[in-house]
4 protein chains.
Amino acid sequence: MPESPRSDRRERWREIIFEAETPAGRRFDIALLWLIGLSVVCVMLESVPAVRRDYAEPLLAAEWAFTILFTAEYILRLCVVRHPLRYARSFYGIIDLLSVLPTYLMMFFPGTQALLVIRVLRMLRMFRVFKMVRHVNGAEMLVRALYGARAKITVFFSFMLAISLVSGTLMYLIEGPQGGFSSIPTGVYWAVVTITTLGFGDITPVTPLGRLLTSVLALTGYAVIAVPTGILTSELSKLEGDDTSDACPSCGVHGHLPDARFCRRCGAPMS
Amino acid sequence: MPESPRSDRRERWREIIFEAETPAGRRFDIALLWLIGLSVVCVMLESVPAVRRDYAEPLLAAEWAFTILFTAEYILRLCVVRHPLRYARSFYGIIDLLSVLPTYLMMFFPGTQALLVIRVLRMLRMFRVFKMVRHVNGAEMLVRALYGARAKITVFFSFMLAISLVSGTLMYLIEGPQGGFSSIPTGVYWAVVTITTLGFGDITPVTPLGRLLTSVLALTGYAVIAVPTGILTSELSKLEGDDTSDACPSCGVHGHLPDARFCRRCGAPMS
Amino acid sequence: MPESPRSDRRERWREIIFEAETPAGRRFDIALLWLIGLSVVCVMLESVPAVRRDYAEPLLAAEWAFTILFTAEYILRLCVVRHPLRYARSFYGIIDLLSVLPTYLMMFFPGTQALLVIRVLRMLRMFRVFKMVRHVNGAEMLVRALYGARAKITVFFSFMLAISLVSGTLMYLIEGPQGGFSSIPTGVYWAVVTITTLGFGDITPVTPLGRLLTSVLALTGYAVIAVPTGILTSELSKLEGDDTSDACPSCGVHGHLPDARFCRRCGAPMS
Amino acid sequence: MPESPRSDRRERWREIIFEAETPAGRRFDIALLWLIGLSVVCVMLESVPAVRRDYAEPLLAAEWAFTILFTAEYILRLCVVRHPLRYARSFYGIIDLLSVLPTYLMMFFPGTQALLVIRVLRMLRMFRVFKMVRHVNGAEMLVRALYGARAKITVFFSFMLAISLVSGTLMYLIEGPQGGFSSIPTGVYWAVVTITTLGFGDITPVTPLGRLLTSVLALTGYAVIAVPTGILTSELSKLEGDDTSDACPSCGVHGHLPDARFCRRCGAPMS
């Protein structure tokens, strides 16, 4: 089926922008990665009072440069993609749009507080980086392992939450408002900070009973970390095992040893 | 065996309330889950001084609504269950009773401090959530792994406790009361907070020797976490291995691959 | 070989005191465990100023009771053991002696500060608990796994120490004395507290560069914990694998599957 | 090929200095290890104001003693090594040079602040210790496991960084400058400190929403640690498995049990 030169050029651009198999596509992705990183750094720097005061103009210029580049890229994507509407409504399509909109909105809504939130929205550009994750192999297996262990992880988190609720409530009764445990929600916040071994120290027990309970909670959190680790490790080992076994080309069963010459079910030779 | 319509209806209700296999039973469980969650949130909110002051009346109304609903559920359970007394004396039966009693007690004992403790007792409703855990598969294997490793876990905790006792005592001698280490129990509390890498910072070493000991203790706690994790992971792997192998129905040997059609020892077909 | 009744009685006592296989021996061990625990709690309580002031006399009485009981037990051990001198010079023999000496020494050296150290020495009784560990199976495998991984663990700790030394030195240069990093040892102490994710917060970075380095150090410590865990887990799995395989009764090779009927090397039937 | 006595002597020295197989070479390495350790301790002590004031002269003498010894060792290495230039430009050659230069530079640049940085450079001697790591077996496997898992580790760190950036930005919006979250970079620093469960407590949330987000972030960091641990453990298990299996000398298949005498595929005797 002969294609028109225009459609052919469009297809080549699509490959560069959306795929990463060709050298040009890979270069495009890496350039974009740097641009996104730099623009995120700019938004971060802008939030530092001293930097905003001294470098307001270069930052504004950089912001407009990034915005124009990202807008051009967004329009280009809409042009070359096969289903423009589907892309525009996809997760990354919305992120791509949201990452340029705030700068344009800033011209129309020059309020201070609203401006802050809108400006920070530009940080969403960061999520565009995750489009590159698909290039890294191994990431997919992690996601599969987490997905396979989701039931156990849910039970684990319910358990952690229940311990936090009980401990936080107990500490509210034991230590009371004068110890910083001013309400049950505050106690639960403290219990989460303690059981995860985070330990800010903004609220700390002072009564002997409170300290005993804290010790028990800390040891629980310390030992219980073994649970998600054990779950994920055994899940990863299982997947790892699946990976090394090849399917029989004639009947499709898995689980052959790496050096098997004949299928253990149907006897067909393994390639 | 023909059953009377009344007994039949009772059996249907029992299935809805106590089982989760039928769609109605599942819906009942999910509705209950939401009610319990909301009632726990209400008790938590009530403990926040600002909320209690401004929303005292809606919270009281919600509390009575929850209490009446849970009371109705408790009476219903007693009616439809086959052995009412056995249910009433079971763990969940007691929890179910304790989660409605406090509200009724509040009418008779309107004291302030006692009220606080009684009110907080309503948090026990939370434990009723664990009745739902049985629906999640994978939870049972975790419990079995923890049970299988209980001897090793006990040794590990004794070891941690011994290190904490020794370190806490040493720090009490090294740092002394002026450094915040006012007694051996305080030192032990500090040692537990340190070895679990919690690190509140309410008591910290100031002498060079104390800081050296702290560094050693911190590194110990950091590395020793590998022990419970290693124990549980190898225990889970063992169970995982047991799970994938089925016993032969005729000779009983284990260790067949999941897709084996014939026993690898006696040749009998696997079901 | 006929034994004299006296030697026979002595042997029976030796079994009760030193072994734990007979019911009497087990009861003796458990009673001793409780006594040691209680005596340690007494020493801990005595260090609390409020308790020492109010309960000085009961604590002194308890102390003398424990000392007399432990002295009697020490003399009994010396009498019934086969090689009294070897026991007296063994680790547990010295601990047993050290746990009663301080109370007697207190009569001769009634100084305040010296008294404190001597009194605390009684905490050494705690180590006697570890004699009981041998009853718990699984403990030995842990020790073997740790021993098998000792080379890797040494490398890991050298690596952690090197990172701490470098980070602590860098922070001393970056933050300087005004930020709390008053010397390189202080910086190294801070680095150990940070890399182990302990985070007391007694010394914290304030400069942007210091905070960047802290973030890198924290992420390193967070991820590097995987190393000791991975080492120990794979070591435990290896030992676990050895455990499930039985040795051939005629040639002694290991590694048979659990249901093997014949030795895979010499063909002798497995019992 | 006869060698001249001079070349022979040089070769013997080379073995002592660069290798560790001979007893003399091992003794040389251990002596050097102690010297490096002591010199690092001296630099650390010198940074403590109280020590520098009281022991300035002995520290200076020790510093010159170490410098002369290390200079002699550096010259010796250059003399006995086969390719002096290649050694001088290697990583350890540069470290060896950098660890003696600062003391000589101190004579020419007696400035205070510059002196501090130069003096601290002597800490680089520490890296020379890693030359000894090659003696420890097991270290190489760790490095191979980390190398094998590098793609997954990169994805994991990108993920952690993305969560930190998002959470830090959100906290900057929620808590604002009055809560200590003065800019997005500060918020990101706080998020890293929180997600790694470090928790200094220098910046802590005070609003209910901020505390809720903190709890979520802490639980995420607590559970997500399972990911690098799981990755490394399964990687180590894989390598461990490769290690125990030898290839058949005639057909090359892997996966033999450690005591196999015949190849399980071609029947050729295993060496």
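Guide: We may begin with Tyr87(D), which is placed in helix α5 (residues 84–89) of chain D. Helices are DSSP runs of H or I with at least four residues, numbered from the N terminus. This is a predicted model, in which local features need pLDDT of at least 70 and side-chain atom pairs count only at pLDDT 80 or more, while totals for chains, interfaces and linings use all residues. Residues are numbered from 1 along each chain as its sequence is written, chains are lettered from A and ligands numbered from 1 in the order in which they are written, and side-chain values use heavy atoms, with hydrogens and water left out.

Visitor: Is Tyr87(D) buried or exposed?

Guide: Tyr87(D) counts as buried, because its relative accessibility is 7%. Buried means under 20% relative accessible area, exposed over 50%, and partly exposed in between (1.4 Å probe, protein chains only).

Visitor: What is Tyr87(D) in contact with, leaving aside its neighbours within four places in sequence?

Guide: Its contacts (heavy atoms within 4.5 Å) are Phe18(D), Tyr74(D), Arg77(D), Leu78(D), Val81(D), Gly93(D) and Asp96(D). Of these, Arg77(D) is ten residues from Tyr87(D) in sequence and 8.5 Å away, C-alpha to C-alpha.

Visitor: Turning to ring pairs, how many aromatic pairs are there over all chains?

Guide: The count is 26. Rings of Phe, Tyr and Trp (its six-membered ring) pair if their centres lie within 6.5 Å; planes under 30 degrees apart count as stacked, over 60 as edge-to-face and the rest as tilted. Phe181(B) and Trp190(B) are edge-to-face, because their planes stand at 75 degrees, with the ring centres 5.1 Å apart. Phe181(B) is buried at 0% relative accessible area, and Trp190(B) is buried at 1%.

Visitor: And which kind of pair do Phe66(D) and Phe70(D) make?

Guide: That pair is stacked, because the planes are at 20 degrees, with centres 6.3 Å apart. Both residues lie in helix α4 (residues 56–80) of chain D, four residues apart, about one turn of the helix. Phe66(D) is buried at 9%, as is Phe70(D) at 2%.

Visitor: Which residues form one aromatic cluster with Tyr222(D)?

Guide: Phe156(A) and Phe157(A) form that cluster with Tyr222(D).

Methods
Helices (H or I, at least four residues) and strands (E, at least two) are DSSP runs, numbered from the N terminus.
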